[in-house]
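This note sets out comments on the structure shown below. The points are numbered so that each may be taken up separately.

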Amino acid sequence: MKKCILFVILEQYADWEAAYLSSALYMLGMGKYEVKTVSLTKEQVTSIGGFRVLPDYDVNSIPTNYEALILIGGMAWRNEEARKVKTLVDNCLEGGKVLGGICDASAYLGAVGALNEVCHTSNDLNDMKQWAGKEYTGEKKYITRQAVRDKNVITANGTASLEFAREVMLALKAAPEKAITEWYDFHKLGYYNVPMPQGANSWND
């Protein structure tokens, strides 16, 4: 049975922030993983780039057996409706599963109190403090780095799609660390700047 990775996407989600991670799970994960999408409802969700997705689940129907909950950034995380995702976040943390948030979705995790006990990052500390108010008490654990992984929680800013994917893959132990590092270097440094790892031709399809 394949391990389920849940991607939470809201209207006007940032499609590029999901692409590296979802593709790496399939290409490096040796068939062990399947990606499923979650939104507030099962109605069509449109990305910033115009991709249209029919979510597999709404927030009330997600499976209990999953490996990670990944919140993808976008333009709707500050809407009141997004608060419905908090229950999913709480359940993920309570279950000891991998939790990820990138760009404004990482700030959302701060706003719902999910980052107070772990090292983390986001787009801007002051912005997150202003948005989260009293719910956020983790300022001393904020790190100005592209992506941060601590206790199965991964956060990243909006320019760190590759770093985010790498840290989630490492947290999941989705592939050998060497393979994950080679995959990251290949995409980060470019086709001509790193030695061609075994199987890298399939990464470029």
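The points below proceed from the sheet to the cores, and then to individual residues and aromatic rings.

1. Basis of the comments. The model is a predicted one, and every remark below should be read with that in mind.

2. Strand 1 and strand 6 illustrate the parallel sense, with four bridges between them; here Phe7 has Ile70 of strand 6 as its bridge partner. Strand 8 (residues 147-150) and strand 9 illustrate the antiparallel sense, also over four bridges. These two strands form a hairpin with two residues between them, and Lys151 in the turn has a positive phi of about 50 degrees. Within this pairing, Arg149 stands opposite Ile154 of strand 9.

3. The largest nonpolar core. Which residues touch the most other members of this core? Among its 35 residues, they are Phe7, Leu21, Leu25, Ile70 and Leu172. At least two residues of this core come from each of strand 1 (3-8), helix 1 (15-28), strand 2 (33-39), strand 6, strand 7 (98-102), strand 9 (153-156), helix 5 (161-172) and helix 6 (177-189). Helix 5 gives the most, contributing eight residues. A second, separate core holds 33 residues, including Leu10, Ile62, Ala82 and Val153.

4. Leu21. Setting aside residues up to four places away in sequence, Leu21 touches Phe7, Ile70, Phe164, Ala165, Val168 and Met169.

5. Glu167. This residue belongs to helix 5. Is Glu167 buried or exposed? With a relative accessible area of 10%, Glu167 is buried, because the limit for that class is under 20%. Beyond residues up to four places away in sequence, Glu167 touches Ala147, Arg149 and Ile154.

6. Ile72. The loop between strand 6 (68-71) and helix 2 (86-94) contains Ile72. Its relative accessible area is 0%, and Ile72 is therefore classed as buried. Leaving aside neighbours within four places in sequence, the contacts of Ile72 include Phe7, Val8, Ile9, Tyr13 and Ala14, and also Trp77, Ile102 and Ala105. By contrast, Arg52 is 20 residues from Ile72 along the chain, and the two C-alpha atoms are separated by 15 Å.

7. Asp104 and helix 3. Asp104 lies in helix 3 (residues 104-111). Apart from residues up to four places away in sequence, it touches Gly73, Gly74, Trp77, Arg78, Asn123 and Trp131. Two of these contacts, Trp77 and Trp131, form one aromatic cluster together with Tyr108.

8. Aromatic pairs. There are five aromatic pairs in the structure. One of them joins Tyr20 and Trp183 edge-to-face, at 6.2 Å centre to centre and with 80 degrees between the planes. This pair links distant parts of the chain, with Tyr20 in helix 1 and Trp183 in helix 6, 163 residues apart. Tyr20 is partly exposed at 30% relative accessibility, whereas Trp183 is buried at 1%. Tyr191 and Tyr192 form another edge-to-face pair, at 5.3 Å centre to centre and 70 degrees between the planes. Here Tyr191 is partly exposed at 43%, and Tyr192 is exposed at 77%.

9. Charges over rings. Two such arrangements deserve mention. The charged end of Lys97 sits over the ring of Tyr66, at 4.7 Å from the ring centre. Likewise, the charged end of Arg166 sits over the ring of Tyr184, at 4.1 Å from its centre.

Note on methods
Residues are numbered from 1 along each chain as its sequence is written. This is a predicted model: local features need pLDDT of at least 70, side-chain atom pairs count only at pLDDT 80 or more; totals for chains, interfaces and linings use all residues. Side-chain values use heavy atoms; hydrogens and water are left out. Buried means under 20% relative accessible area, exposed over 50%, partly exposed in between (1.4 Å probe, protein chains only). Contact means heavy atoms within 4.5 Å. A nonpolar core is a set of buried Ala, Val, Leu, Ile, Met, Phe, Trp, Tyr and Cys residues joined through side-chain atoms within 4.5 Å. Rings of Phe, Tyr and Trp (its six-membered ring) pair if their centres lie within 6.5 Å; planes under 30 degrees apart count as stacked, over 60 as edge-to-face and the rest as tilted. A charge sits over a ring if NZ of Lys or CZ of Arg is within 6 Å of the ring centre and within 35 degrees of the ring normal. Two strands pair if DSSP finds at least two bridges between them.
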